[in-house]
Amino acid sequence: MQNDIQEVLISEEEIQSKVKELGATLSAEYANRNPLVICVLKGAFIFMADLVKNITVPVEMDFMAVSSYGASTKSSGVVKIIKDLDVSVEGREVLIVEDIIDSGLTLSYLIELLENRGAESVRVVTLFDKPSGRKVELEAHYTGFDIPDAFIVGYGLDFAEKYRNLPYIGILKPEVYSS
Ligand SMILES: O=P(O)(O)OC[C@H]1O[C@H](OP(=O)(O)OP(=O)(O)O)[C@H](O)[C@@H]1O
Ligand code: HPA
Ligand SMILES: [Mg+2]
C-alpha cells in the first residue's frame, strides 16, 4: 500500500468483478442499438478501458475531457471543457461513462449539453457514487458502488493528478490534502 493511503476501501478484485457485471448488464441493454459510449476524461479512463472489454455488442466510442476539481477535494462548481467530442451525438443513443458522481455538477452539465445537441437518449454508468456529496439531484442508470463521505483516489481518480494508477480505491490520509 502506498504511504499516503490510510485505508483500502475497495480492492482490485472487487472492482474487476463489478466491472464484469456492469459489462454484462450493458451488453444486454444495448444489443442492436449501436450506442455511442462517451468516456469522461481524465478520471474515467481506466474504468472505460476495462468496461468496454466486457461489452460484447458493437459500440462506438468517443472521449471528452472536463474538469472542475483541480488540486482540491471540493468542486469549484465550474465545469470546464478541456476537450470536446469528435463526433456528433445527434440522434444517437449515448452512454456516458463516469468514474464518480459526487456533487453531480459535472454530469448534470454534460447531460444537458448532450441533450441540447440532439442525442436521442442519454444514460449514465458510473463506477462510484457518493450520494452524500450531491448539490443537484441526479441518479445514474447503472452504478457500481455507493461510497461513504470521503475523498477517494485510485483506479483513475486523482488528488492533484496523483494516485490515478492505483489498481484499488483508497482513502487518503487527511494530512495529504490538508498540508
Ligand atoms: O459530481 P462532481 O462533483 O462533479 O464530481 C465528479 C467529477 O469530478 C472528477 O473529475 P475532475 O473535475 O476531478 O477531473 P479529472 O477527471 O480530470 O480528475 C470525476 O472524474 C468526475 O468527472
Ligand atoms: O472523491 C473523489 N476523489 C477523486 N476525485 C473526485 N471528484 C469528485 N469526487 C472525487
Ligand atoms: Mg480529478
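Which residues come nearest to ligand 1?

## The shell around ligand 1

Of the 17 residues around ligand 1, those that come nearest are G43, Y69, D102, S103 and T106. A residue is near a molecule or strand if its C-beta atom, placed from the backbone, lies within 6 Å of it. This is a predicted model, in which local features need pLDDT of at least 70, side-chain atom pairs count only at pLDDT 80 or more, and totals for chains, interfaces and linings use all residues. Residues are numbered from 1 along each chain as its sequence is written, while chains are lettered from A and ligands numbered from 1 in the order in which they are written.

Two elements, β5 (93-101) and α3 (105-116), each supply at least two residues of this shell around ligand 1. The most comes from β5, which gives four residues. By class, the shell around ligand 1 holds five nonpolar, seven polar and five charged residues. Here Ala, Val, Leu, Ile, Met, Phe, Trp, Tyr, Cys and Pro count as nonpolar, Asp, Glu, Lys and Arg as charged, and the others, Gly among them, as polar.

## The shell around ligand 2

Around ligand 2 stand Y69, I100, D102, F151, I152, V153 and L157. This shell comprises six nonpolar residues, no polar residues and one charged residue.

## Overall form of the chain

The chain has four helices and nine strands. Helices (H or I, at least four residues) and strands (E, at least two) are DSSP runs, numbered from the N terminus. From that terminus on, the elements follow the order β-α-β-α-β-β-β-α-β-β-β-β-α.

A compact globule of 179 residues would have a radius of gyration near 16 Å, and the chain has 16 Å, which agrees. The radius is taken over C-alpha atoms, and the globule rule is 2.2 Å times the number of residues to the power 0.38. Buried residues make up 31% of the 179 residues. A residue is buried if 20 or more other C-beta atoms lie within 10 Å of its own, exposed if 12 or fewer, and partly exposed in between, with C-beta atoms placed from the backbone.

## The sheet

Six strands form an open sheet with mixed pairing, in the order β4-β3-β2-β5-β6-β7. Two strands pair if DSSP finds at least two bridges between them. At the edges stand β4 (80-83) and β7 (142-146), each with a single partner strand, so one side of each is left without a neighbour in the sheet. On average, neighbouring strands of this sheet are turned by 30 degrees against each other, direction ignored.

Strand β5 runs parallel to β6 (residues 121-129), and eight bridges join the two. Within this pair, I96 stands opposite V124 in β6.

## Helices and their packing

Helix α1 (residues 12-29) lies across β6 and β7, running at about 165 degrees to β7. Axes are lines fitted to C-alpha atoms, for helices over the stretch in contact, and angles run from 0 to 180 degrees between N-to-C directions. In helix α2 (residues 45-53), the buried residues are I46, F47, M48 and L51. They pack against α1, β2 (36-41), β5 and β6.

## One residue in the sheet: A65

Residue A65 belongs to strand β3 (residues 60-67). It counts as partly exposed because it has 15 C-beta neighbours inside 10 Å. Leaving aside residues up to four places away in sequence, A65 touches L41, K42, I82 and K83. Such a contact requires C-beta atoms, placed from the backbone, to lie within 7 Å.

Technical notes
Two residues are in contact if their C-beta atoms, placed from the backbone, lie within 7 Å.
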